[in-house]
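Please look through the sequence and the structure shown below, and then read the report that follows, which takes the topics one at a time.

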There are 2 protein chains.
Amino acid sequence: MSESADNGWQPVRRLRTHEHVLAQIEQQILDGRLSPGDRLPGERELAEYLGVSRAGVREALRVLEALGVLSAGVGSGPASGSVVRGEGTEALANLLRLHLALSRFTQREVMEVRVQLERWAVAEAAVHAGAEDIARLRAVVLAMRQREIGYEQFNELDTGFHVSVAEMSGNALLGTLMRALRDAVRREMLAVFESLSDWRVTADALADQHHAIVDAIEARDSAGATALVERHIATFYADRGN
Amino acid sequence: MSESADNGWQPVRRLRTHEHVLAQIEQQILDGRLSPGDRLPGERELAEYLGVSRAGVREALRVLEALGVLSAGVGSGPASGSVVRGEGTEALANLLRLHLALSRFTQREVMEVRVQLERWAVAEAAVHAGAEDIARLRAVVLAMRQREIGYEQFNELDTGFHVSVAEMSGNALLGTLMRALRDAVRREMLAVFESLSDWRVTADALADQHHAIVDAIEARDSAGATALVERHIATFYADRGN
DNA sequence: GCGTTGACTATGGTCAGACCACAGGTCGCA
DNA sequence: TGCGACCTGTGGTCTGACCATAGTCAACGC
């Protein structure tokens, strides 16, 4: 069946130089020898250590940068060189956005995952939210009601609201995923607003729903908040055709 | 407050060459002018079109490769050059694994997200599963019971089981996320097995639980399957200390 | 006629070396 | 003491070369 799989022979897996570099750096991270804030040796130095050219090192560093692991800075001082990043979530968003565009999955699928995570997020938020969390959410809702903002800004506020709720759950991964999912579908959400004859009507309705969700969170009503957020998302997507 | 933010002036955002290249390729993908299976121009050709050096193009291609968008092949023929990939989920896993190692989030957080997604996945699977899906799951459970496998293989089967269930939900993103989350914590899961005095005991218990989950899915008992899967995961993580 | 073999070509993979832009530090002069 | 010119180390970029690979195809020998 398989061409030559049972002879005990198997083709050697050649690794390209930048993959070797990548593997070594990843190993250092996995072993905890590189932590956020740490700086890598300079590109030239690293190339010499590893016995490869600077180009190979650079390709590996670009990959790690794209994955949100490193950031590079020119010049001298503490911000220069390749530094292991403390945070950063946009890498995940980039990845999801591209895969969405490549039809690896559909917008509906992203939305469904969002709903599941939002349900959980808001339920947890209702348990953990403190007074300052509530205040922050209320401030966002207030900002959403301002007449002078455009739908782009409105969408940013909307994203901020949901991400804040997700972060209030106490699970950082959830917050990151929420941010990434929102960023990934940002284009499509703006397109929905654009298609509306009067987006402000929809926006006001959304703001009202956000208001109700905050109330439910403040009242520690997990079940109520879950139901509200589910209806909230369903409403928006139902408006798409208008 | 902000240093000089309200003068209407803002620093120009310099893009590095490889970011320009990246942006153009991404735009082509977003516009649908590049689809899975399509091939990009050769590196030299692309460099000439864009007026940059081959190194800049290569860095961009490495990034897209790391994000699972492209794959590169040497030589001639259909597999050569930079081809837009049809599938691939390991990029997301790489990303999560690194961020996990960097303590951007904890194993507990990954596990919690897993539980939420598993609950939903199994409930959906109970609705959508066909006869051949059930048969595949049963085959996996059977393989888990074989005495000659090691815990590494067992873990692979376990991962396969849960990913299959996720894929049976009909949501490709869910399947991808499940695979990535499992891959990201693979190290830690193997460490748990390693710490057990007799991993086979735990493995048999897990196989039994899988068996019960398949039964529930086959019986289209969403609620039952959800409860089982939740207990299933909780059991394993409870065993960690042993 | 047919199969084998070798050259050819297009592709990515790799390297070395050079130069630029930038940011911080340092030294010397006023 | 203050400040400007210079120095140095960093990433950013380009050039040009060569290597390894895999398909293509024509020449060759049977």
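## The surface near DNA strand C

The residues of the surface near DNA strand C fall into six nonpolar, 13 polar and three charged. In this division Ala, Val, Leu, Ile, Met, Phe, Trp, Tyr, Cys and Pro count as nonpolar, Asp, Glu, Lys and Arg count as charged, and the others, Gly among them, count as polar. The model is a predicted one, in which local features need pLDDT of at least 70 and side-chain atom pairs count only at pLDDT 80 or more, while totals for chains, interfaces and linings use all residues. Residues are numbered from 1 along each chain as its sequence is written, and chains are lettered from A and ligands numbered from 1 in the order in which they are written.

DNA strand C is surrounded by 22 residues, and the closest are A:Arg16, A:Ser53, A:Gly75, A:Gly77 and B:Gly42; a residue is near a strand if its C-beta atom, placed from the backbone, lies within 6 Å of it. At least two residues of this surface come from each of α1 and α3 of chain A and β2 (81-84) of chain B, where helices (H or I, at least four residues) and strands (E, at least two) are DSSP runs numbered from the N terminus.

## The surface near DNA strand D

Around DNA strand D there are 23 residues, of which the closest are A:Gly42, B:Arg16, B:Ser53, B:Gly75 and B:Gly77. By class, this surface has six nonpolar, 13 polar and four charged residues. Here β2 (81-84) of chain A and, from chain B, α1 (17-30) and α3 (54-66) each supply at least two residues, and the largest share, three residues, comes from α3(B).

Helix α3 of chain B also holds B:Ala60. Is B:Ala60 buried or exposed? B:Ala60 counts as buried because it has 28 C-beta neighbours inside 10 Å (a residue is buried if 20 or more other C-beta atoms lie within 10 Å of its own, exposed if 12 or fewer, and partly exposed in between, with C-beta atoms placed from the backbone). Leaving aside neighbours within four places in sequence, B:Ala60 is in contact with B:His18, B:Val21, B:Leu22 and B:Ile25, contact being defined as C-beta atoms, placed from the backbone, that lie within 7 Å.

## How the two chains meet

The contact between the chains takes 34 residues from chain A and 34 residues from chain B. On the side of chain A that touches chain B, α1 (17-30), α3 (54-66), α4 (90-101), α5 (107-128) and α8 (172-184) of chain A each supply at least two residues, and α5(A) gives the most, with seven residues. The residues of this side divide into 22 nonpolar, four polar and eight charged.

The same surface serves both copies, since 100% of the contact residues of chain A recur in chain B.

## Two helices of chain A

Within chain A, α5(A) and α8(A) pack at an angle of about 145 degrees, with their axes 10 Å apart; axes are lines fitted to C-alpha atoms, for helices over the stretch in contact, and angles run from 0 to 180 degrees between N-to-C directions. In α5(A), A:Val110, A:Val113, A:Arg114, A:Leu117 and A:Ala121 meet A:Leu174, A:Leu177, A:Met178, A:Leu181 and A:Ala184 in α8(A). This contact has nine nonpolar, no polar and one charged residues.

Technical notes:
Contact = placed C-beta atoms within 7 Å.
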